[in-house]
Amino acid sequence: MAEGDNRSTNLLAAETASLEEQLQGWGEVMLVVDKVLRWEKAWFPPAIVAVVSLVFLIIYYLDPSVLSGVSCFVMFLCLADYLVPILAPRIFGSNKWTTEQQQRFHEICSNVVKTRRRAAGWWKRLFTLKEEKPKMYFVTMIISLAAVAWVGQQVHNLLLTCLIVTFLLLLPGLNQHGIISKYIGMAKREINKLLKQKEKKNE
């Protein structure tokens, strides 16, 4: 068991080091984005909502085709990938890179690797469920996809995408400030109360 844990830790460290090397040119930008996503200042959450809303309003106004939208998005990513490593050291100053910043950059890369592993783990669990319990897999997938299709039919796709993107960008801050755990705890308490009331009625 200990050998497996050590192997997993070593693999995590190797993946993190590899990701750090790949994203070295993005270090300063990632630290700024990390501060914004973790809401280090009170005005960051409304700023995130405002920027996302503005971007989606521009998309709504321009009303590009799917092909044009995807092409522009990929073109923006290519430009960012080329320009950011060149401009970031000049804007932020690479000589100001401290040990604390390096440690935070390492933590960010480690969290990205862990998130990627979790996603891969959920994907593997899905296929395991398909192999071990095909009926449950079939019913779960049909109900889930039908629910998503119904929501997609009721809400405009651009608005729905805007809400999803906004939620995903606010998620690190919600998690950092304990808001998610707070409401999950409240929901658990309410469920436990309902279960206890049901038990009393049955008695």
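A search of the whole structure, which is a predicted model, finds seven salt bridges, a salt bridge being a side-chain nitrogen of Lys or Arg within 4 Å of a carboxyl oxygen of Asp or Glu. In this predicted model, local features need pLDDT of at least 70 and side-chain atom pairs count only at pLDDT 80 or more, whereas totals for chains, interfaces and linings use all residues. Residues are numbered from 1 along each chain as its sequence is written, and side-chain values use heavy atoms, with hydrogens and water left out. Helices (H or I, at least four residues) and strands (E, at least two) are DSSP runs numbered from the N terminus.

**Salt bridges**

- The side chains of E15 and R117 meet in a salt bridge with an N to O distance of 3.6 Å; because E15 lies in helix α1 (residues 2–22) and R117 in helix α5, the pair ties together parts that are 102 residues apart in sequence.
- E15 counts as partly exposed at 23% relative accessibility, and R117 likewise counts as partly exposed at 28%, where buried means under 20% relative accessible area, exposed means over 50% and partly exposed lies in between (1.4 Å probe, protein chains only).
- D34 forms a salt bridge with R104, the closest N and O atoms being 2.8 Å apart, and this pair links distant parts of the chain, with D34 in helix α2 (residues 27–37) and R104 in helix α5, 70 residues apart.
- D34 counts as buried at 11% relative accessibility, while R104 counts as partly exposed at 22%.
- R104 also forms a salt bridge with E107, for which the closest N and O atoms are 2.6 Å apart; the two residues are three residues apart in helix α5, so they are separated by about one helical turn.
- E107 counts as partly exposed, with a relative accessibility of 30%.
- D34, R38, E40, R104 and E107 are linked in a network of salt bridges.

**Nonpolar cores**

- The largest nonpolar core is made up of eight residues, namely L12, L19, M30, L31, F105, I108, C109 and V113, a core being a set of buried Ala, Val, Leu, Ile, Met, Phe, Trp, Tyr and Cys residues joined through side-chain atoms within 4.5 Å.
- The elements that give two or more residues to this core are α1, α2 and α5, and its largest share, four residues, comes from α5.
- A second, separate core of seven residues includes I48, C162, L170 and L174.
- Leaving aside its neighbours within four places in sequence, C109 is in contact (heavy atoms within 4.5 Å) with T16, L19 and E20.

**Packing of α5 and α6**

- The axes of helix α5 (residues 99–132) and helix α6 (residues 134–154) come within 5 Å and cross at roughly 125°, the axes being lines fitted to C-alpha atoms over the stretch in contact, with angles from 0 to 180 degrees between N-to-C directions.
- That angle makes α5 oblique to α6, since angles under 35 degrees count as roughly parallel, over 145 as roughly antiparallel, 65 to 115 as roughly perpendicular and the rest as oblique.
- The contact is made by L126, L129, K130, E131 and E132 of α5 together with P134, M136, Y137 and M141 of α6.

**Helix α7**

- Q176 lies in helix α7 (residues 157–176) and is partly exposed, with a relative accessible area of 47%.
- Q176 and L37 are 139 residues apart in sequence and 9.2 Å apart in space, C-alpha to C-alpha.
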